[in-house]
Structure formats: structure tokens, C-alpha cells
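Open your viewer and get your selection tool ready. We will go through a few stops, one selection at a time.

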Amino acid sequence: MEVKEVKKYAADISSIKEAHKRINSYIHKTPVLSSESLNAISGRSLFFKCECFQKGGAFKFRGACNAVLSLDDDQAAKGVVTHSSGNHAAALSLAARLRGIPAYIAVPKNAPKCKVENVMRYGGQVIWSEVTMQSRESVASKVLQETGAVLLHPYNDGRIISGQGTISLELLEQVPQLDCIIVPISGGGLISGVALAAKSINPAIRILAAEPVGANDAAQSKAAGRIITLPETSTVADGLRAFLGDLTWPVVRDFVDDVITVEDKQIIEAMRLCYEILKVAIEPSGAIGLAAVLSNSFRNNPTWQDCKNVGIILSGGNVDLGVLWDSFRK
């Protein structure tokens, strides 16, 4: 008798619920905001999950906290290492500090100043690298060899994905009537966790990814049916420049209903609306979900007409104000 192999993913609803138990006393249960003005502009009921108010200023603390607290004492003693241009680096530094272990962070020279300052504020040890992924990875592996620390990848790790999935547990408890969630996509850790949890709770819910045109590898990957990486990316959304990993891609392939791509000018306009109407300070990557909802490709697509109650994840709020003002003036 032929036994069908059950598809396995890096995380599932039980690993996500376990993560929630593990991290619940450390994380903020972030609020959900709504605005009649933005509902009128978009023609739908929008519910903003404010991960910009999470510890460390972004959703990344959930995954980092789960990963660090999952380590046994012998593993943890030597510390943790990662390479990151931003929010994961700060989140891991904070999670490591809470556990009393060192965090070594390979940071590219072009990382936003405010994000590097967050790493230092939370006690992470910054080791500079060149901007290429090869340089980031080689610096991280050198630190690994020297320290024996545990490498915690920013997104391609089941513990990280499970931690990010706790957002859905909260959001669908806060707003049970959601029929769609729009999630920024980069390496896919956030959307993988959100999709696995949300579709387990409500199989009919739609999960849409929002991606910059200048870093549209996920849209290309979905179209091609395999991971596509780009020779370079160009977007104001500094948190959305990574490529899918071998653990996140199967979830994106099987659980994400579509990828909506938006131009940088749409992202900046959505940021402006978040500041002016919602009164929430977010970074460009955090604004892309609103940009997607307001885009013609979403509004004019009959497939999404029945998405009346839309959850939007405001993924982070770590923005260099100087860069922000310049982007508004362009």
C-alpha cells in the first residue's frame, strides 16, 4: 500500500502555540488600530496590527525571543550570532540580554543608523561587514568559529517562524471577522508564521504578501514555482531586501494567495497616511501593507472584492528620521 508522505513545514499551529506560551510574558500584545478615514479611502474595513509598538520596535522580537528561549543552557552559554541589517539584529540582542547571554551581530555598513543604535542599546556586539550577503555570511561564520555561538538566521529557522506566527493568534482573537491579512514579504519568516497560524484557525482566510517592485523576488518566485533571487534590489524599504529561504519558500508557495507589488512612491505615500491619520511612526517596510490595499492591482482585482475586513501588519517602526524627511520631500 502506498503511503502518501505528509508535507512538512518548518512550523505548524502547535509549534506556534508553544512559542506563544514561551514568549508571552516577554512580548507586548500589540494593539489593533482602525481609522474611519482610511476605511473610506480604501473602501474596506482595515485593522492595523501595530508591531511597531513591539519591544525593539518591530515584530522580530517574537521570533528572536522564541529562538533564544528554546536553546538549552549549554547551547545558550556561548551566545548567539546573526547577520542582519536591522530589526532582527536588535531583537536578537534584546532577547539575548534578557537571557543573560552575548549576542554577536554582523552588520552591513549600509544598515540604517537607528537600527545599529538599537543593537548597541540592547547590548549586541556589532561586527561590521561589507554590504553583500556573501560578506555578511562570511563575517558571521568567522564569529561562529571563534566563539562557538549558535547561529540564528533572521527568517530561515522554524523557531523564528513559529515566533512570528504568534501575531496571528493575537490578531484573530482581537478581530475574528478578518477575511484577509496583508503581510510584508522579504525573507518570508513573518508571512510564513502568519499564514500557517491564520489558515489553521480559519482555512478560508486569504493571505496576501506585499512587496516592493524593486525587490520583487517573491512575486517572481510565485510565478516561476521556484525560488528566484535578484542580482540586486532597489527600494526605500530597507527591511524588504532579503530573498526567500528553503524553509520559508514552501510555505509561501502553498499558503500565500498572491503577491502584490508596489512602487516606492506608493510606500512613501502610505507612510505619510500612517503618520498623518493613524498617528503611528512606521518605517517604509511597515507601510507596504497599506500601500498594497490602496494599489490599483488590489482594488481592481475581482478576486479580492470579498475581502471586506482586512488585517494589515505594521511590521516595524525603526526609521531614520533624516531619511524619512528626505523621502517625503522627493
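## Stop one: helix H12

Start by selecting H12, where Ile267, Ile268, Ala270, Met271, Leu273, Cys274 and Leu278 are buried (under 20% relative accessible area with a 1.4 Å probe, protein chains only; exposed is over 50% and partly exposed lies in between). Helices here are DSSP runs of H or I with at least four residues, strands are E runs of at least two, and both are numbered from the N terminus.

A note before moving on: this is a predicted model, in which local features need pLDDT of at least 70 and side-chain atom pairs count only at pLDDT 80 or more, while totals for chains, interfaces and linings use all residues. Residues are numbered from 1 along each chain as its sequence is written, and side-chain values use heavy atoms, without hydrogens or water.

Now check the length of H12: its 15 residues (264-278) should span 21 Å at 1.5 Å a residue, and the end C-alpha atoms are 20 Å apart, which agrees. The expected span is 1.5 Å times one less than the number of residues.

Next, click on Lys279, in the loop between H12 and helix H13 (284-294). Its phi is near 65 degrees, a positive value in a residue other than glycine. Lys279 counts as exposed because its relative accessibility is 64%.

## Stop two: helix H3

Select residues 60-70. Nine of the eleven residues of H3 are buried, so this helix is largely enclosed by the rest of the structure. Show what surrounds them: the buried residues pack against helices H1 (13-23), H5 (87-99) and H8 (158-174) and strands E2 (45-50) and E3 (80-83).

## Stop three: H3 with H5

The axes of H3 and H5 come within 8 Å and cross at roughly 40 degrees (axes are lines fitted to C-alpha atoms, for helices over the stretch in contact, with angles from 0 to 180 degrees between N-to-C directions).

On the H3 side, the contact (heavy atoms within 4.5 Å) includes Phe61, Ala64 and Val68, and on the H5 side Ala91, Leu92 and Ala95 are among the residues.

## Stop four: H3 with H8

To see the contact, select residues including Gly63 and Ala67 of H3 with Gly163 and Ile167 of H8.
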